[in-house]
There are 2 protein chains.
Amino acid sequence: MTEYVPFPSDPSQETVVPIEPLRKLISSVLERKGMFGYEADMAADRLIDADLRGKHAHGCRMLGQLIAAMDTGDIDPRAEMITETESAAMAVLDAGEGVGQVAATKAMQLAIRKARETGTGTVAVKRSRDFGAAASYVQLAVDDGLIGFCTTSTSGPTVAAYGSRTPATADNSLAWGIPTREGAPLVLDLSCAGASWAEVKSHALYGMSLPAGWTLDADGRDTQDPNAARTLLPAGGFHGFGLSLVCSVLAGPLAGGKMPSQKRHGYLTEPIEHFFYAIDFSKFIDPQRFLDRVQEAVEQIRQLPPANGFDRVRLPGEAEWERAQHCRQHGLALHRDTVAELERLAETLGLKPEW
Amino acid sequence: MTEYVPFPSDPSQETVVPIEPLRKLISSVLERKGMFGYEADMAADRLIDADLRGKHAHGCRMLGQLIAAMDTGDIDPRAEMITETESAAMAVLDAGEGVGQVAATKAMQLAIRKARETGTGTVAVKRSRDFGAAASYVQLAVDDGLIGFCTTSTSGPTVAAYGSRTPATADNSLAWGIPTREGAPLVLDLSCAGASWAEVKSHALYGMSLPAGWTLDADGRDTQDPNAARTLLPAGGFHGFGLSLVCSVLAGPLAGGKMPSQKRHGYLTEPIEHFFYAIDFSKFIDPQRFLDRVQEAVEQIRQLPPANGFDRVRLPGEAEWERAQHCRQHGLALHRDTVAELERLAETLGLKPEW
């Protein structure tokens with residue numbers, strides 16, 4: 001069983017940053033690198049969404065990598081999205097090697113528009129880049145009152161098959177979002193491996209050892225040393241392996257892209273594919289009845305007696321939602337190295353953080 | 001980590017039955033109970049599909065329950081499927097409390113037809129009954145050269161939340177099917193709990209104890225006794241719990257049905273909801289290129305060095321596909337109690353098995 005491991009946190013290594021100045025700084029940095037203002041805002045929003053959920057490796061810690069990839073020409077800050085194929089219910093988009101957060105936001109927005117017309121919208125995207133946190137995009141659907149699903153490819157294989165000693169597939173992330181009437185929506189954000197490389201890196205950053213069952217070393221042996229980890233293990237054995245293959249096809253060959261085992265380039269230079277699916281439940285049934293039933297079930301589950309080691313029963317995404325609410329009021333706690341890197345980046349571009 | 005546990009099998013307790021006579025017998029039994037001939041054939045096909053995959057609890061072992069539910073009026077053998085809502089890409093169907101296997105087959109066929117027109121088809125079904133093995137329906141999409149997804153509700157809550165001591169959600173099954181160019185297609189069939197009640201019952205039938213981490217007893221303690229099991233544990237903790245909630249909404253309120261915690265009736269009398277999603281990849285991209293890439297990746301993964309305890313690396317659904325191929329040639333090994341029950345059922349209806 002894959003145990004939930006809280007994201008590493010240690011206040012003595014962190015700086016609390018106010019959110020609006022942070023958003024403004026990121027957007028300004030991206031605009032200086034050539035992005036259009038509204039697309040820079042879009043990317044900044046997605047990076048901060050990820051930080052608010054505690055997914056810091058997909059948050060503004062990515063900004064430096066993004067800028068570096070723009071400098072080497074691996075990401076085009078003004079890429080144009082091209083529609084390759086389209087019907088009332090689906091589309092295939094070519095993201096032109098632009099910023100993943102922008103391509104993915106636009107693609108989910110298109111899926112939402114199609115769902116409002118025909119009940120569902122499915123959009124596959126090719127030639128994009130790392131989009132960060134999958135939860136951010138299903139949250140866009142939820143904010144518009146729709147059910148959303150998304151998944152993404154990464155680069156080459158880094159995750160063992162169920163039953164292999166070496167990497168077979170990728171650590172695709174996938175997310176589902178379902179609106180509730182009030183409080184936290186249901187937002188399920190999974191990686192197909194028991195843990196993501198981002199989480200492994202965060203453990204290394206904080207000098208923490210990994211939980212057992214997350215990774216294999218170069219010789220195919222279990223390791224708890226984040227610096228020795230070379231292969232991730234799939235979550236739940238054949239569950240995570242199977243889901244990873246499905247995600248690799250939806251965000252891969254279905255969009256005209258490759259499977260993980262056919263990818264040779266590294267992270268941030270390999271073309272990345274995404275897949276989005278939005279469902280407008282008001283086209284299926286009475287939306288009030290839908291929300292009544294989901295809300296009632298959520299409250300029934302919250303009232304169950306917790307198992308040992310749990311203070312209460314939480315729904316998927318609830319802890320992240322509570323965290324985001326808290327950060328919106330009190331500011332965002334980021335690792336001091338992340339903040340220093342942001343300040344350094346800003347300075348090189350002649351910008352000054354307003355904190 | 002959820003380990004793969006082979007379906008129980010013990011040749012000394014089994015009888016090998018030829019497939020065509022079995023199919024004919026089941027169809028004749030169902031026709032005698034009032035079903036239309038082509039719908040009886042449809043139901044027989046799905047029961048045998050399940051047996052061929054080794055999912056015997058969803059196979060012809062269900063026939064007796066089906067007949068009993070028809071006798072009590074809980075299943076209508078001549079139910080009419082009503083289309084409640086429809087667009088080019090989606091539909092909501094009312095199955096009229098008919099046979100789940102028939103409702104689900106027709107619903108997936110509709111999703112396939114819509115996908116052929118607009119690229120994707122999404123069909124939600126309400127007021128159905130247990131449809132058996134989810135893999136059978138995605139196989140229908142695969143047989144037609146499409147990607148298929150399906151999930152289903154069951155009855156009330158029997159699976160713990162991640163972090164609860166008592167049942168919170170249901171053991172929804174879900175399946176994805178993806179065509180390959182040759183050999184086994186990718187067919188991923190998961191239950192959201194680490195194991196299904198069907199598997200627990202099979203262990204009881206064969207007098208085997210359960211793997212650790214599958215179930216809790218009436219007091220919320222871990223148990224390996226299949227007869228003492230009262231609550232299933234979710235697969236991979238929050239993974240399985242989250243997927244179960246998503247499936248419960250898609251095959252539930254989205255179709256006009258209830259969430260598991262709102263269900264009060266028992267198995268085979270509670271209205272069941274299903275959800276189907278078909279993707280015609282030829283509407284997205286060049287289908288030959290799609291198949292080339294999927295096929296190449298499958299072969300690359302099969303050639304990886306196996307981990308300890310594995311003879312080779314298999315793709316999802318491959319073992320079940322090999323098993324089905326073998327049974328088609330050599331007949332189907334069923335538990336002798338299942339065969340005796342079938343023969344008894346046939347006799348009461350004046351039918352004689354042709355084996």
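Glu97(B) is partly exposed, with a relative accessible area of 24%; buried means under 20% relative accessible area, exposed over 50%, and partly exposed in between (1.4 Å probe, protein chains only). This predicted model counts local features at pLDDT of at least 70 and side-chain atom pairs only at pLDDT 80 or more, while totals for chains, interfaces and linings use all residues. Residues are numbered from 1 along each chain as its sequence is written, chains are lettered from A and ligands numbered from 1 in the order in which they are written, and side-chain values use heavy atoms, leaving out hydrogens and water.

The partner of Glu97(B) is Arg129(B), with 3.4 Å between the closest N and O atoms of this salt bridge (a side-chain nitrogen of Lys or Arg within 4 Å of a carboxyl oxygen of Asp or Glu). Arg129(B) is buried, at 1% relative accessibility.

## Two further pairs

In chain B, Glu273(B) and Lys263(B) form a salt bridge, the closest N and O atoms being 2.9 Å apart. Both Glu273(B) and Lys263(B) are buried.

In chain A, a salt bridge joins the side chains of Glu86(A) and Lys114(A) (2.9 Å, N to O). Glu86(A) is partly exposed at 46% relative accessible area, whereas Lys114(A) is buried at 7%.

## A network and the total

Arg302(A), Asp311(A), Arg312(A), Arg314(A), Glu318(A) and Glu322(A) are linked in a network of salt bridges. Over all chains, the structure holds 44 salt bridges. Side chains of opposite charge can pair when their charged atoms come close.
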